[in-house]
Number of protein chains: 2
Amino acid sequence: MEVLVPIADMRQWSRAQLQRGARIGFVPTMGALHAGHLSLVQRARQLADRVVVSIFVNPTQFDNQQDLATYPRTLDEDLALCRQAGVDVVWTPETAEMYPDGYCTFVEMYGPLTDKLCAIARPGHFRGVCTVVTKLLAVVRPDVAIFGQKDLQQALIVSRMVADLNLGVEIVVAPTVRDRDGLALSSRNRRLTPAMRAKALALPRGLELARRAYRGGETESRKLIEIVAEEVLVNEGVDLDYCDVVSLPGFQEAERADDRCVLAAAVFVDGVRLIDHVPLAGEAIPVAIDDDERA
Amino acid sequence: MEVLVPIADMRQWSRAQLQRGARIGFVPTMGALHAGHLSLVQRARQLADRVVVSIFVNPTQFDNQQDLATYPRTLDEDLALCRQAGVDVVWTPETAEMYPDGYCTFVEMYGPLTDKLCAIARPGHFRGVCTVVTKLLAVVRPDVAIFGQKDLQQALIVSRMVADLNLGVEIVVAPTVRDRDGLALSSRNRRLTPAMRAKALALPRGLELARRAYRGGETESRKLIEIVAEEVLVNEGVDLDYCDVVSLPGFQEAERADDRCVLAAAVFVDGVRLIDHVPLAGEAIPVAIDDDERA
């Protein structure tokens with residue numbers, strides 16, 4: 001496995017692969033890798049001849065400098081995981097080369113994908129995501145790039161952006177990976193103490209309870225959102241950042257839920273921000289729910 | 001010479017060239033080709049193995065729908081000129097494929113390159129330019145792209161954008177080509193009647209008079225701008241859109257001119273917008289000036 005740092009080295013490697021006719025699969029990450037990322041790597045291996053993982057904590061997508069400062073960084077462990085997973089190249093570009101003095105170009109998206117949920121809760125976040133993904137794709141020039149469905153809005157935005165800008169990369173969205181207790185894997189989970197983690201489980205539990213309510217006939221979005229809010233807000237130190245029902249593929253808010261809808265939410269658990277969502281017509285989230293108590 | 005229309009065809013051609021190790025030179029145009037464009041093609045032929053010219057009147061860079069509607073379109077003539085000039089591929093993408101329903105992604109630039117001159121006079125213009133150039137480069141994937149210096153601000157913006165987004169394309173800026181009377185070549189010149197053309201010459205004449213004044217010791221930008229304004233505004237039906245002294249490479253407005261400065265102006269001649277500029281330490285613009293009269 002090669003570890004590349006300068007942009008020119010990464011570009012040269014990719015160009016050589018292209019001239020050989022090799023297909024490149026790409027998994028862009030911010031490091032602190034977990035089994036969710038590794039599932040994306042496995043998918044990339046299935047779809048391409050060579051796999052590149054980038055590790056770059058992108059400052060332009062953080063609306064909160066404290067969040068950027070405390071974002072987990074575990075490079076040695078990440079490299080070991082990539083080596084085990086059969087990655088060909090890990091690219092770890094430097095911030096000073098990605099955003100040199102005088103940097104002034106950004107990729108922005110307008111419309112329904114960027115006027116709700118994380119786009120409102122984190123101003124500038126998706127501008128940073130679109131910009132860095134454009135840059136990473138321009139250097140790596142993959143045939144296919146894999147994004148996790150956990151970050152649903154991001155995956156939809158990146159897909160739209162790649163199509164709009166004719167970037168010529170196939171975007172594959174791979175399923176959310178959950179721990180056995182139902183919590184969606186996230187690099188930020190590392191910041192949870194056992195007590196915080198217990199409280200964090202209210203998020204997938206609330207989503208699952210709402211999904212069951214929908215399956216039981218409740219289609220009023222306001223009611224589904226209330227189920228999540230009640231489940232989450234009973235925990236001290238837990239705040240609900242947003243919770244909304246949006247319809248796919250248009251990503252419109254829906255007052256009345258139907259099978260095309262997902263219920264998406266973001267919470268703060270003692271200051272750590274976690275997001276998750278459930279397709280209302282999808283499979284159950286495997287959380288422990290005391291059914292008798294809630295009957 | 002091949003003429004390609006679908007994005008997929010253009011992409012496939014470029015990929016095949018890349019796999020053969022051929023260098024691609026690219027000249028993006030809006031058609032209505034003239035000797036200025038052909039000089040860019042010649043430069044591309046010197047710098048690359050294969051030359052692609054795109055012809056696409058990009059709607060997103062027009063702030064004025066009337067200007068878009070009346071922009072000259074001369075495709076048959078353009079194709080003949082390209083064939084004579086040794087172009088390998090002319091790519092004429094369709095607007096409906098470049099900007100499909102729901103299109104929502106734009107490339108934007110902030111800072112000194114986009115807070116003055118044409119950026120103020122034509123709101124959204126450079127957003128459209130940055131967006132379409134990103135798209136064209138993503139499809140053609142050239143090694144080198146050639147832009148004309150006549151559109152100085154555009155050339156500087158594109159260079160900065162390509163560097164910022166790591167697009168991996170060398171941007172070459174080729175000199176302004178002028179007619180024998182000194183008027184900078186522009187597709188819009190086709191819209192000038194002989195009477196309008198006579199008035200349009202006040203633009204290069206004003207710039208040249210100001211350049212001479214600077215060489216004669218006048219360094220106050222306000223005075224240099226006045227020279228252009230007086231020369232231009234004496235003509236009925238001619239309006240000055242802007243005139244400014246900016247310093248390179250920072251593209252800052254300069255109250256006092258020095259050898260790093262250019263004097264740039266835009267005029268409307270009976271509604272037709274023309275731009276031009278002169279480096280104050282550069283060569284003379286070959287305009288007829290009655291020196292006795294102005295002694």
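**Symmetry.** I superposed chain A on chain B: a rotation of 180° with 0.0 Å of shift along its axis does it, at RMSD 0.0 Å. The same surface serves both copies, as 100% of the contact residues of chain A recur in chain B.

**Ground rules.** I noted that this is a predicted model, where local features need pLDDT of at least 70, side-chain atom pairs count only at pLDDT 80 or more, and totals for chains, interfaces and linings use all residues. Residues are numbered from 1 along each chain as its sequence is written, and chains are lettered from A and ligands numbered from 1 in the order in which they are written.

**Interface.** I looked up the contact (C-beta atoms, placed from the backbone, within 7 Å). Chain A gives 25 residues and chain B gives 25 residues. On the side of chain A that touches chain B, α1 (7–19), β5 (105–109), α7 (125–140) and α8 (152–164) each supply at least two residues. Helices (H or I, at least four residues) and strands (E, at least two) are DSSP runs, numbered from the N terminus. β5(A) gives the most, with five residues.

**Strand pairing.** I checked β5(A) next. Five bridges join β5(A) to β5 (residues 105–109) of chain B, and the two run antiparallel. Strands pair if DSSP finds at least two bridges between them. A:F106 has B:E108 as its bridge partner in β5(B).

**A:L263.** Which residues does A:L263 touch, not counting those up to four places away in sequence? I found A:L207, A:A210, A:R211, A:L224, A:V228, A:V245, A:H277, A:V278 and A:L280.

Terms used. Least-squares fit on C-alpha atoms with pLDDT ≥ 70 in both. Contact = placed C-beta atoms within 7 Å.
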